[in-house]
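Hi there,

Here is the structure I promised to pass along. Have a look at it first, and then read on for my notes.

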Amino acid sequence: MLERLKGTFRKVDTNDSGQIDADELMEILKLFFKGAAVDMVQKQVTKLIDTYDKNANGVLEFPEFVEMVHYGDFWRRFDFQIPIALQEAVVSLAKGEPIAASAASKVAEATEVAEEAQEDADAAAVNAEQEVAEAAAATAKAEQEAQEAAEAADRAAQEEQEAAEAAAAADIERQEAEAAEEKVEEAVAELEAAQESGDAEAIAEAEAAVEQAEEVAAVEAAEADAAEEVAAVEAVEAVEAAEVAEIAQEAAEEAVTTE
């Protein structure tokens, strides 16, 4: 117990002077009394030093610090678990004063119990920190899964839009191809009429018109076929993107459930 008290004393004694001055005491009290006004904390520092600085040198040596912990009721604030009945004996030990053998035995027993309790408390704190870390990791994973799900949904919507645009473009190309076929039929009809009339010049013009119309129709048909292939590919990609988005959404929901 004394070693733990000495360790606490060294932590407060930040400049390793072997004494705790007002500034060092001020820092630890600001942690104990968070939100309190600075002047109120300063008054408490002054009061504690005036009360426990037995040799009036303006600082607290280790025995004086232990008295402050005990009589100022700072045991729990410094995370010490020690029976009230034995606190006086611990103070006497810190001051180098002799204590009865029975009291010393009780102090030893209490110290052992207190150290075991502290070990349990430390283990519980470690477990709590681990659980907090695991919860934070689960939250981060859930947020990442949600973000990925949102991105997948955006991609699926974009793919769906592109598929719709490709389908519309394919419809236009097919309509133009059908119109070109109709022009071929019209040119063929005009050729037949010219052939019936026997007009060589008209026949030649009609044949040229049929040839040109067939070339245009062939180009339009090829473009329509290509546009339909693109539309089919876009449709497949849209379906795949939708499936990916659905999987991502399920993963996000599962991450939230297990958080």
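In which helix is the place of Glu234? Glu234 lies in helix H7, which covers residues 200-257. Please keep in mind that this is a predicted model.

Glu234 may interest you when you look at charges. The residue is buried, yet it has no salt bridge. The nearest side chain of opposite charge belongs to Arg155, and that is 13 Å away, whereas a salt bridge would need a side-chain nitrogen of Lys or Arg within 4 Å of a carboxyl oxygen. What does Glu234 touch, then, not counting residues up to four places away in sequence? Its contacts are Glu159, Glu162, Ala163 and Ala166.

I also looked at two helix pairs. Two packed helices are described by the angle between their axes and the distance between the axes.

Take H1 (residues 2-12) and H4 (residues 62-71) to begin with: their axes come within 11 Å and cross at roughly 100°. Angles of 65 to 115 degrees count as roughly perpendicular, so that is how H1 and H4 stand to each other. On the H1 side, the contact is made by Leu2, Leu5, Lys6, Thr8 and Phe9, and on the H4 side by Phe62, Phe65 and Val66.

The other pair is H2 (residues 22-32) and H3 (residues 38-52), with axes that come within 9 Å and cross at roughly 125°. H2 and H3 are therefore oblique to each other, and their crossing is right-handed. From H2, Ala22, Leu25, Met26, Leu29 and Lys30 meet a set of H3 residues that includes Val38, Val41, Val45, Leu48 and Ile49.

Notes
Residues are numbered from 1 along each chain as its sequence is written. This is a predicted model: local features need pLDDT of at least 70, side-chain atom pairs count only at pLDDT 80 or more; totals for chains, interfaces and linings use all residues. Side-chain values use heavy atoms; hydrogens and water are left out. Helices (H or I, at least four residues) and strands (E, at least two) are DSSP runs, numbered from the N terminus. Buried means under 20% relative accessible area, exposed over 50%, partly exposed in between (1.4 Å probe, protein chains only). Lys and Arg count as positive and Asp and Glu as negative; His and the chain ends are not counted. Contact means heavy atoms within 4.5 Å. Axes are lines fitted to C-alpha atoms, for helices over the stretch in contact, and angles run from 0 to 180 degrees between N-to-C directions. Angles under 35 degrees count as roughly parallel, over 145 as roughly antiparallel, 65 to 115 as roughly perpendicular and the rest as oblique. A crossing is left-handed if the near helix is turned anticlockwise from the far one by less than a right angle, and right-handed if clockwise.
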